[in-house]
2 protein chains.
Amino acid sequence: MATLQDIGVAAGIHLLTALIFLFAFAILRLQPINDRVYFPKWYLKGLRESPRDVSTSVGKFINIDWRIYIKFLNWIPEALKMPESELIEHAGLDSVVYLRIYIVGLKVFVPLMVLAFTILVPVNATSSISDAEKDDVGFSDIDKFSISNVSEGSNRFWAHVLMSCVFTIWTCFVLYKEYEMVESMRICFLEAQHRRPDQFTVLVRNVPADPDESISEHIEHFFRVNHRDHYLTHQSSLRGGSFGSLGVHFWKVVFNANKLSKLVKKKEAYQNWLDYNQNKYVINPKKRPNMKIAVEHERILKDPKAIMPVGFVSFKTRWGAAACAQTQQSKNPTIWLTEWAPEPRDVYWQNLPIPFVELTFRRLVISVSVFSLFILFMIPIGFVQSLATIESIKKNAPFLKNLIELKVVKSFIQGFLPGLAMKLFLLILPSILMTMSKIEGHTSFSEIERKTASKYYYFILIIFFFGSILVGSALQDFDARKELKDLGDSPTIVLKKLGVLVPMRATFFITYIMVDGWSGIAGEILRLIPLIMFHLKNSLLVKTDEDREKAMDPGSVAFAEALPRMQLYFLLGLAYSVATPTILPFIVLYFGFGYFIFRHQVINVYEQKYESAAAFWPDVHYRIIISLLISQLLLLGLLTAKNAKDSAPILIILPFLTIWFHKYCQNRFEPAFSRYPLEEAMAKDTLERATEPGLDLKQYLANAYVHPMFKDDDELDECEKELLSWRENDYKVLTKRTNTPIDTTASTSTTFLIER
Amino acid sequence: MATLQDIGVAAGIHLLTALIFLFAFAILRLQPINDRVYFPKWYLKGLRESPRDVSTSVGKFINIDWRIYIKFLNWIPEALKMPESELIEHAGLDSVVYLRIYIVGLKVFVPLMVLAFTILVPVNATSSISDAEKDDVGFSDIDKFSISNVSEGSNRFWAHVLMSCVFTIWTCFVLYKEYEMVESMRICFLEAQHRRPDQFTVLVRNVPADPDESISEHIEHFFRVNHRDHYLTHQSSLRGGSFGSLGVHFWKVVFNANKLSKLVKKKEAYQNWLDYNQNKYVINPKKRPNMKIAVEHERILKDPKAIMPVGFVSFKTRWGAAACAQTQQSKNPTIWLTEWAPEPRDVYWQNLPIPFVELTFRRLVISVSVFSLFILFMIPIGFVQSLATIESIKKNAPFLKNLIELKVVKSFIQGFLPGLAMKLFLLILPSILMTMSKIEGHTSFSEIERKTASKYYYFILIIFFFGSILVGSALQDFDARKELKDLGDSPTIVLKKLGVLVPMRATFFITYIMVDGWSGIAGEILRLIPLIMFHLKNSLLVKTDEDREKAMDPGSVAFAEALPRMQLYFLLGLAYSVATPTILPFIVLYFGFGYFIFRHQVINVYEQKYESAAAFWPDVHYRIIISLLISQLLLLGLLTAKNAKDSAPILIILPFLTIWFHKYCQNRFEPAFSRYPLEEAMAKDTLERATEPGLDLKQYLANAYVHPMFKDDDELDECEKELLSWRENDYKVLTKRTNTPIDTTASTSTTFLIER
């Protein structure tokens, strides 16, 4: 068990690291040469131009005005300047609500900390337990302020029970207020939005095959009949203008362009090499991806199988779209599935054509895989945890004994290594989980990210939180093994044992908070990897301003990873708030620090890939509730084990009330995050009809939902050329074979080939 | 442990009882005097008139044609004659699907029985265990054919594992086919239906208060705006005609007539006494409920609080209603709640005005109450179970020792008493659970019944099935206590112990099947209580033909009770199919016998109170799946305890596959039971517009949703009179006070008072 001194050393190291990072950032960001790394958002918005005008040539790259270095922290007030409403305009609602979670953290934990330090810490510190008990739990300095310092069956536990009730009520109160706030922000945001294609559009999946009609015709007929007054068009005769000469409308349905988009990605990867080494493909032209892309383009246009049983159906009014998205269309609930279309940027095209049965099967496979992954991960984590304790190193590598007996090294190993190791393992995971969520078959990026976040959270909860409590405790020098021996016991006994183990692992989690929550976040603002990559690209590849634009990597808040990681702090804070309040200042510092850093990043750096209007909030709320429940149950277990017979039973009602509170919030607020109320839709329709009576909605929606492979202008030009050349070939063949007049035949056959 | 002989005696007793009941029924039903007891459905349908014309006066009451008594079982072929389609017409889809569950039981268990008896029974019977093991499990005759006869770690368990897989697949297959069938029957039934008010109507709850408008106006305005093209009318200006002289439309909103309906019920109860003792209320006229009803009627019409924030909104088309019912109306998801209106007979008026917050609170309270009830019930059941074993009687009442040593008495106590006692306890329960479900606040009788069924099932599952396995085993003469001692163990150990205990309790469940499934069902056809009640009423109260009509009590299938009780047999059958196949013939006999009896009852007796078009099927399916899961887990526990290390692990995949199967069925079929697909609605609308272009829908819907207290003609007449008298009083007061012209003032003030 680490002593107070160990923790002091670690805190010193991490505060120092954080300060070094901040200072490095302060210096680097002031150099004009790095401007595009630290302020890319402004460039992307077109509000900032290339290096500021400085007279000296050195000044173009390095800032030599020494006065500016003195105020190296003045980005913090800058980051706080922008008001929230402007920030929504500037960065979107997702980012703003993400920042609000840090504020929620402060709102929850600052009062908790104050209460805990004025009431619980004195109660704990003035108590004292017998030496026998001390030995029993592996007592250390830090435990003087924790519940471990209260002897068994003491009446002082009433304070803990009471505080637990107060903490629960306070957390629920903050959560309720915040849910209310986020809901109204979302509604305002959606209301204030201008016309958007997804307001009028419904995604239809699992269109059944029809022997007599093409998929496009089938979609049109179905909705013309069943939404007679509201149907407008569907995924739509795009670029009819630019292809006017061909007279074809081949973007009427969604193409299964998955293979094509893979090739285009490959091409983009090659492009860098291409620019660097222009001659390479001259030698071997067949390998050039461009050729392959042309072939694939052609294949898609010809192959009837490439047309997916999917469509984006647009309606005349928002009301019509809202009604269609929320209702069941056909008797068979597995065909003609309608849902509110994601915004165009957010569509995950690869997953659109998955049929219903396959989808349920995929979910089964993925849940089994996630389960297996959980078990698989337990092994390396256990190993790392065991390595990270002094005693096991002594045992496994006796030659290091003298070295690790040194005070500093020992503190480093105990205070730093376990947190770091865990952090590294947690870094690999998100990409695995993201791939799994993609395989699960969700249709939008935002949904995939939400599902990944959910998996990742359970991972953190089970493997990281419970796993490191159990495994770590079992391998500590003192004998927690006896606690674990019969863990295959009844739930109540497991709960009791877990409850006892939780306070023992407080130091481990404190070190983790310092590594991840302090140094890690300070590292975030430094953007070391984007910095290096930018300069590499800049010196090797960039020739034009456009290239420089491309070399910028603004990054974004990766919600799939950022949300669950942040929620771990809620879990730790709540679980330890009563048992070991010492952890609370560390958590409060994390939330406060994180808020500044991320506010700066959101304003100056990140560029979100899509906007979901805070669709992730219900999950955030739900997971904080889970943390609350876990903390209540663990405390119940701990107090039962501590023989607090009078006071502990009161805690049983807390989980029930919490679950009820969650149900209530769910019913009250959640629909606002998944449905589009008709009243709202009708109001916007009416307003629009009054203000813009001559609006050509069909024209407006025509461009909206096209596979990005076809939408990209460069690609399209290319494709157009290919199509034309292909048509020429076709025409030659036809004229050779039939000798019929050129004009009519060629266009009919092309139309046929394409429309199939 | 009961011997084979004990079971033989019990089977004899129960078959005899059943036969006596059937014979009694055969005789009683042939007496013209009982005709209205045994064939009430035909009377209610108007297809049968009072006693058949028989020349002798005795023949009017008793059938003296002796030849007819010989074929006393000829009701069975009669019951089977009616084809299913005709039966749907005759008795509704609910009853027909209810009967189909018996067929599902046969479809599942007949092949299971055949397989078990050709494969498992030989495997078990040819094995033999050591005497030590025999002692260990309290071996009895019946166990020769059960899995208890196979010694530990034997390779023979492969047969059981294999059979378990086959049984699971077969059950799922039957369930899938049946779900498909029931779904299509439901769709056909709804399609074939004539115009029904609920097809056009949506129930709107939680209408928000508006300071400027009455609730009725508010509803009208909201839907006129937000469903501009579809809104027709709402719960409607009923009987405007008959009240034309008053010029009021006071049935526009749903009245909170709960108190009134209580009074009317009370009045109905008094009515019988009234008829019997006409003079009673002459002495004390104030007590007469009629008076009170008049006062209450008046209060409702005057009191603005009696108008509930609820309305039945009707649309011009089915499409409009379907779209409205499935969508969210307002930004705030707790107001303007719309749902597909229950059919008028099915509305549970008392629960309509419950506000949203109260509703969630009620659910919380009820779930806690159900939980407490579960625990409360454990006590008497344990007591009964302990009494029912010979040894504990010997201990508790030594003076009975000689008596119970008698072979017959012993058999009776072991083979009859436990089942009977349990049956009695289960009889009180449904009414308690029904009350709870009503308090929960569901808006239709069918939903209340479904929720009650759900609670009742969990009760049967936990208290009856698991409870009697545990408690019963613990109190048996052999030492099962050691198995139970540490039941607060890990789930795997609990499972193992439960698995071991299950086959031990086979005889108990067999006796239960005989009591409830054989004698009980035979008792059902005899209708002893309705028979007695009818003759009592007939001789004391009946004067007119109308009275006689009222004295008939056709009863109905009480789904809340009947479904879970039937599903217990699925649970028993599946749980014992592998371990103790001896139980299967008893279960098959139950399903077969039940099918005949209930088919007869459905055709000739029962009159369902409402028609939900088999809305209960998803629950039935779900609960059979639960039974299947439990059976798999129990077998897994048993085989683990039996040391079948090679074969048992295969069973782990079965629950996962079963859950997946259930998810699939849920997605595939369940929407058909809760939603009205738009394609369907549009098709019916189009057809109707073509065939009946001049239909006055408003007129048609005007009468549909009126509180039954006002709808009843007798009541209404009374009410009308009261209203008139009340108006007269009002008029007198007004004329006294103001001396303004009578006609205008009176009607305005009345309108005002009523419309508030």
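Student: Which residues is T658(A) in contact with, leaving aside its neighbours within four places in sequence?

Tutor: This is a predicted model, in which local features need pLDDT of at least 70, side-chain atom pairs count only at pLDDT 80 or more, and totals for chains, interfaces and linings use all residues. Residues are numbered from 1 along each chain as its sequence is written. With contact meaning heavy atoms within 4.5 Å, and with neighbours within four places in sequence set aside, the partners of T658(A) are T168(A), I625(A), L628(A), L629(A) and Q632(A).

Student: Is T658(A) buried or exposed?

Tutor: T658(A) lies in helix α30 of chain A, residues 653–669, where a helix is a DSSP run (H or I, at least four residues) numbered from the N terminus. Buried means under 20% relative accessible area, exposed over 50%, and partly exposed in between, with a 1.4 Å probe and protein chains only. Because its relative accessible area is 1%, T658(A) is buried.

Student: Where is W518(B) found, and what distance separates its C-alpha atom from that of F586(B)?

Tutor: W518(B) belongs to helix α24 of chain B, residues 506–526, and is buried, with a relative accessible area of 5%. Its contacts beyond four places in sequence include A11(B), H14(B), F586(B) and F593(B). Although W518(B) and F586(B) are 68 residues apart along the chain, their C-alpha atoms are separated by 9.0 Å.

Technical notes
Chains are lettered from A and ligands numbered from 1 in the order in which they are written. Side-chain values use heavy atoms; hydrogens and water are left out. Helices (H or I, at least four residues) and strands (E, at least two) are DSSP runs, numbered from the N terminus.
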